Amino acid sequence: MIIKTKNEILASEITDPSIFKERRKIIKALFATLVSSSVISPNRVLAANNNSVWNNLSKGDFSNNKLTPTPAELIKNYTNYYEFSFNKKDSTELAQHLKIDPWSIEVTGEIEKPGTFYLEDILRQQVLQEFIYRFRCVEAWSMVVPWVGFSLGNLLKTFKPLSSAYFVKFTSVHQPEIMPKQQNNAMLEWPYVESLRIDEAMHPLSIFAVGMYGNTLPKQNGAPLRLVVPWKYGFKSIKAIVKIEFLKRPPISSWSKSAPGEYGFYANVNPEVPHPRWSQNSERQLGSGLFTPRRQTELFNGYGEQVASMYSNMDLRHFF
Ligand code: MTE
C-alpha cells in the first residue's frame with residue numbers, strides 16, 4: 001500500500017477543495033435521486049441503514065465465528081465516552097453531535113513518511129474485513145463485537161517506522177464546543193490519549209475499526225475510526241482518532257495519568273490481577289439475564305495463544 005504524504009503529491013494531483021466538496025454534493029444528490037426515482041427503493045435504503053453497508057466481507061485471521069455477537073442495540077446504547085458524559089446512556093445521545101466528515105489523521109514521529117491524510121484516502125488503500133472479537137472492559141463487563149476494520153500493522157508499516165520507534169501513541173479528537181467534559185479537566189485530561197508498544201501495535205490482532213455489524217461505526221462507538229486491541233481492557237481501544245505518533249519513549253496515557261495505581265500502561269486482561277477496587281476474576285456479559293452466571297475472565301481475554309509470547313519475560317503483576 002502506498003500512501004502519499006502531502007509533500008510528495010504534485011500540485012497537479014491535489015483535488016481542489018471546491019471540486020472535492022462538489023464531488024461530495026454530487027454523490028449525495030445522486031443517492032437522493034436513486035432513492036426518489038426508486039432505482040433503490042426507500043425500503044432497501046432503510047434496510048441498508050439498519051443492516052449492512054458491507055456484505056460478505058472476508059474474515060480477519062483471528063476472527064471467531066463461534067462467538068455469538070452481543071445484540072447491536074445493547075452495544076450502541078451502553079457506551080463509555082467520557083468526553084461527552086460519564087453516563088453510558090447520555091454519552092450515546094450526546095455523541096451524535098460529533099462532526100466526523102471530513103476527517104483527517106496526522107501521523108508524526110519516528111517515521112520516514114509523516115503527513116496528514118484524509119481518512120477516505122487511507123481507507124481506499126486498505127482491505128476491510130470482519131473481525132468477531134471479544135471485548136472486555138476494565139469495569140468487568142464484556143461483549144462480543146463483529147467489527148469491520150483493517151489491520152493496524154499494515155497501515156503503520158506504510159509510514160515506514162524507524163528502528164527508534166518503540167511506541168505508538170494515539171490521540172482522540174478535541175471538540176470542546178460539543179464535548180461537555182472537555183470544557184474542564186473533569187476526571188481526565190483531554191484529549192484522550194492511549195499508547196501501545198510497537199510490537200503490540202503491529203500484532204495481527206490489533207485493528208482499526210470503521211464499522212460494526214456490517215454497518216458504519218456509530219458515533220458513540222468511536223466513529224469514524226477507533227482502535228481495537230482485544231486482549232487488553234477496553235480503555236486502550238481509543239475512539240475517534242485524529243493523530244498517530246511513533247515515539248522512542250512510552251507516553252503517559254490518559255487513564256494512567258489520572259490513576260496510575262489503577263490503570264497501567266499494559267492493561268492486559270488478567271483475572272489474577274485485581275483492580276484495586278474490584279476483582280477481575282469474572283465478568284458480566286452484556287445482554288445476559290439476571291440469573292445467567294458471570295463468565296470466568298480469561299488471561300489476555302482468551303487470546304493468550306496469539307499474544308502471550310510478547311510478555312514472556314515480564315511479571316504481569318508489576319506490568320499491569
Ligand atoms: N475513547 C475515547 N476517546 N473516550 C473514552 O471515554 N472510553 C474507553 C474506550 N475508548 C473511551 C475511549 C473505554 S473505558 C471503553 S470500555 C471503550 O472505549 C468502550 O467502547 P464502547 O463505548 O464502544 O463500548
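F300 is found in the loop between strand 12 (295-296) and helix 9 (304-307), where helices (H or I, at least four residues) and strands (E, at least two) are DSSP runs numbered from the N terminus. The structure is a predicted model, in which local features need pLDDT of at least 70 and side-chain atom pairs count only at pLDDT 80 or more, while totals for chains, interfaces and linings use all residues. Residues are numbered from 1 along each chain as its sequence is written, and side-chain values use heavy atoms, with hydrogens and water left out.

The backbone at F300 deserves a look to begin with. Phi of F300 is near 55 degrees, a positive value in a residue other than glycine. At 3% relative accessibility, F300 counts as buried; buried means under 20% relative accessible area, exposed over 50%, and partly exposed in between (1.4 Å probe, protein chains only). N301 lies in the loop between strand 12 and helix 9, and its phi is likewise positive, near 55 degrees, in a residue other than glycine. N301 is buried, with a relative accessibility of 1%.

Two cis peptide bonds can also be described. One runs from D101 to P102, with omega near 5 degrees; P102 sits in the loop between helix 4 (88-94) and strand 1 (104-109). Another joins A223 and P224, with omega about 0 degrees, and P224 belongs to the loop between strand 8 (215-216) and strand 9 (226-228).

Turning to the chain as a whole, the secondary structure comes to 9 helices and 12 strands. Of the 320 residues of the chain, 47% count as buried. Contact means heavy atoms within 4.5 Å, and among the contacts in the chain with a separation of 6 or more, 72% are accounted for by residues 24 or more positions apart. The accessible surface comes to about 16,100 Å², with 55% of it belonging to carbon and sulfur atoms; accessible areas come from the Shrake-Rupley method with a 1.4 Å probe, and for residues only the protein chains shown count as cover.

The interior comes next. In soluble globular proteins, nonpolar side chains tend to be buried together. Here, the largest nonpolar core has 75 residues, and those with the most contacts inside it are W147, F170, F208, L227, W231, I244 and F246. Such a core is a set of buried Ala, Val, Leu, Ile, Met, Phe, Trp, Tyr and Cys residues joined through side-chain atoms within 4.5 Å. Strand 4 (residues 141-151) gives the most to this core, with 6 residues. Leaving aside neighbours within four places in sequence, W147 is in contact with residues including F131, Y133, F135, I207, M212, R226 and V228.

F131 lies in strand 3 (residues 129-136) and is buried, with a relative accessible area of 3%. Not counting residues up to four places away in sequence, F131 touches G60, S63, V145, P146, W147, G149, F150 and I207. Although F131 and V148 are 17 residues apart in sequence, their C-alpha atoms are 6.3 Å apart in space.

Two serines are buried as well. S206, in the loop between helix 7 (198-202) and strand 7 (207-212), has a relative accessible area of 0% and is buried. Beyond its neighbours within four places in sequence, S206 is in contact with S151, L152, E200, A201, V228, V229 and W231. S254 is found in helix 8 (residues 254-258) and counts as buried at 6% relative accessibility. A polar atom of the S254 side chain lies 2.7 Å from the backbone nitrogen of V193. With residues up to four places away in sequence not counted, S254 touches L188, E189, P191, Y192 and V193.

Finally, there is the ligand site. The ligand is surrounded by 18 residues, the closest being Y82, E83, S172, R226 and K239; a residue is near a molecule or strand if one of its heavy atoms lies within 4 Å of it. The shell divides into 9 nonpolar, 6 polar and 3 charged residues. In this grouping, Ala, Val, Leu, Ile, Met, Phe, Trp, Tyr, Cys and Pro count as nonpolar, Asp, Glu, Lys and Arg as charged, and the others, Gly among them, as polar. A polar side-chain atom of E83 lies 2.8 Å from a nitrogen atom of the ligand, and one of S172 lies 2.9 Å from a ligand nitrogen atom. In the side chain of N221, an N or O atom is 2.9 Å from an oxygen atom of the ligand. Taken alone the ligand exposes 530 Å², and the protein buries 99% of that. A polar contact is a pair of N or O atoms within 3.5 Å; within protein, one must be able to donate a hydrogen and the other to accept it, and residues adjacent in sequence count only if both atoms are side-chain atoms.
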